[in-house]
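Work through the exercises below with the sequence and the model side by side. Try each task before reading its solution.

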Amino acid sequence: MSRSCDSCSTPAVVHETIVTDGVKTEVHLCAAHAQQRGYILPTATGPALVVGKLLAHAQVHASAPRVVKSCPTCATTMASVRESGLVGCPDCYRQFEEELGAVISRAQAGASVHVGRHPTHAANLVDRAAMRNKLASELREAIAREEYMRAAKIRDRMIALNEGEPATESGTSS
Amino acid sequence: MNGASDHPHDDAPEDPARMPAILGLDGGEAPCLDCVLSSRIRLARNLVGFAFVNRASPQQLSDVVHRVQSTKLSGPFESGVRWVNVQATTAADRLLLFERNLISKPFVEALHPRCVAMSTDETSSVMVNEEDHLRMQMLAPGLQLQPLAERMFALDTSLERGLEFAFHPRFGYLTACPTNVGTGIRVSAMLHLPALHMLEELEKVQRSAKELNLAVRGFHGEGTDALGDFFQVSNQTTLGRSEHDLVEEFTEQIVPRFIEYERASRRALVERDVASLDDRVYRALGILRSSRLLALDESIKFLSRVRLGVALGRIRDIPLTLIDRLLTEVQPAHLSRATGCELGNGRDDRVQRAEAVRGALR
């Protein structure tokens, strides 16, 4: 069954599954919205071959048509990060959060979240990240205990947090 | 030095002769100097709104240089800061800064716009456009990681008033190499482990370091060889632990463990066969005091043995600080500066090195 785009009613051509802290999110985008978010779509001509090669390295799992995501700021791809060992710009970390998260966790003896100093301008972000981690941990616990009603509430809190609601602790405990 | 200036916006070349003759580390009463040559803290930071150095255009890199140069540097830089436009310096000057541990090997060899700020006592430097936009480092003799860390965090905080650092709530401070994200801190100690070497225990040390998730590097840090029983140990991981916890662990557990191991080996050498130990130490001193041709690696090797003799009180007329100063002064660029002979072109500097060492240990 063909899915429609998350942002409009056009049929989606990009399908991606993102797992954040054990929570699975699906992304379905039409060509126009995919390009807006930095996905490079293959064309019928030469570049498609290049894209295919890159995909082989990037190990991106997506249903056809296959795509290579690039950083909208500096055009870096995960393939080039793997080749050089270097990231292109700070925005790459947002664009490739999951891919880089796996690389970083392996290099950092399993650690995946920053602890320590932070710039003053990032204080609110740090609070949100701490709350996100706490909710993710509670979600894993709720799922393990088969407390699905509680898990659904926690998931709603996580979605609200991602959409910009304040990082409060209310309504997460069972 | 070409391209050096005390004023951020003045690019007038500086006279090379104004550079101090030795590294500004006065190790006289430094803690654990017998086994720890120096302590170092390094922080990596990048600016918001700029591509990382590997991806930035020359114009962007020049903009980063100007942005950092127009920001006030606090702490050790308050009593005077010297900016060096590294791109405009000679290879000999770049090597000189490297030998003083003020810049890294990749920074010596790069071709893009970059500069370094040095405190006048040469214990602190800020490399602009190394692998990251800012690589700040502070050095101190002996084991002094805690005070270094406090000074470093004060510098970081003051810089943050003028510069916006790239930060991600999950990954922490963002760096060009994804394996440096988080705190972006590198805590290291340059250890002197001659007794462990003599007792053939270095392999155990390496294994122990690996178990503790530490990197073991050579005389000038990353990408350099171990010379004369000097080994730099530093943290490999930068994510998931606070800077304070890491510095505390290095100060109270990790480095003391190596020190205790080395000291126990030194005691064993004295107890087992002091005559043999004295022979090795005094033969090394004899060679340094009388040789006419002295290669770099052998000078470091014999200085290392003499350092052991001084630390154990077997040699009493030479201060440890003189040996540590010589460890820097026998390096090629320092020798070239001191003797006025040009570096490179296959020039044999063994005669000058032997003369310099004989003169210092007379």
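**Exercise 1: a loop residue**

B:Leu33 lies in the loop between β1 (4-5) and β2 (36-45) of chain B. Helices (H or I, at least four residues) and strands (E, at least two) are DSSP runs, numbered from the N terminus. The model is predicted: local features need pLDDT of at least 70, side-chain atom pairs count only at pLDDT 80 or more, and totals for chains, interfaces and linings use all residues. Residues are numbered from 1 along each chain as its sequence is written, chains are lettered from A and ligands numbered from 1 in the order in which they are written, and side-chain values use heavy atoms, with hydrogens and water left out.

Task: decide whether B:Leu33 is buried or exposed.

Solution. Step 1: take the cut-offs, where buried means under 20% relative accessible area, exposed over 50%, and partly exposed in between (1.4 Å probe, protein chains only). Step 2: B:Leu33 counts as buried because its relative accessibility is 6%. Step 3: for a distance along the chain, take B:Leu111, which is 78 residues from B:Leu33, with 37 Å between the two C-alpha atoms.

**Exercise 2: a covered strand**

Task: find which residues of β6(B) point one way and which the other way.

Solution. Step 1: strand β6 covers residues 134-141 of chain B, and eight of its eight residues are buried. Step 2: recall that side chains in a regular strand alternate between the two faces of the sheet. Step 3: B:Leu134, B:Met136, B:Met138 and B:Ala140 point one way, while B:Arg135, B:Gln137, B:Leu139 and B:Pro141 point the other way.

Task: find how β2(B) and β5 are joined to β6(B).

Solution. Step 1: two strands pair if DSSP finds at least two bridges between them. Step 2: β2(B) and β6(B) run antiparallel and are joined by eight bridges; here B:Arg40 is opposite B:Leu139. Step 3: strand β5 (residues 124-128) of chain B pairs with β6(B) over five bridges, also in the antiparallel sense, and B:Ser125 has B:Gln137 as its bridge partner. Step 4: β5(B) and β6(B) form a hairpin with five residues between them, and B:Asn129 in the turn has a positive phi of about 75°.

**Exercise 3: a histidine**

Task: describe the surroundings of B:His192.

Solution. Step 1: B:His192 belongs to strand β9 (residues 185-192) of chain B. Step 2: B:His192 counts as buried because its relative accessibility is 0%. Step 3: contact means heavy atoms within 4.5 Å; beyond four places in sequence, the contacts of B:His192 include B:Asp34, B:Cys35, B:Glu262 and B:Arg307.

**Exercise 4: two chains**

Task: state how many residues each chain gives to the contact.

Solution. Step 1: chain A gives 35 residues and chain B gives 39 residues. Step 2: the chains bury about 3200 Å² between them, 61% of it on carbon and sulfur atoms (buried area is the accessible area, 1.4 Å probe, that two parts lose on being put together, summed over both). Step 3: A:Tyr93, A:His114 and A:Arg117 supply 24% of the area that chain A buries against chain B, more than any other three residues.
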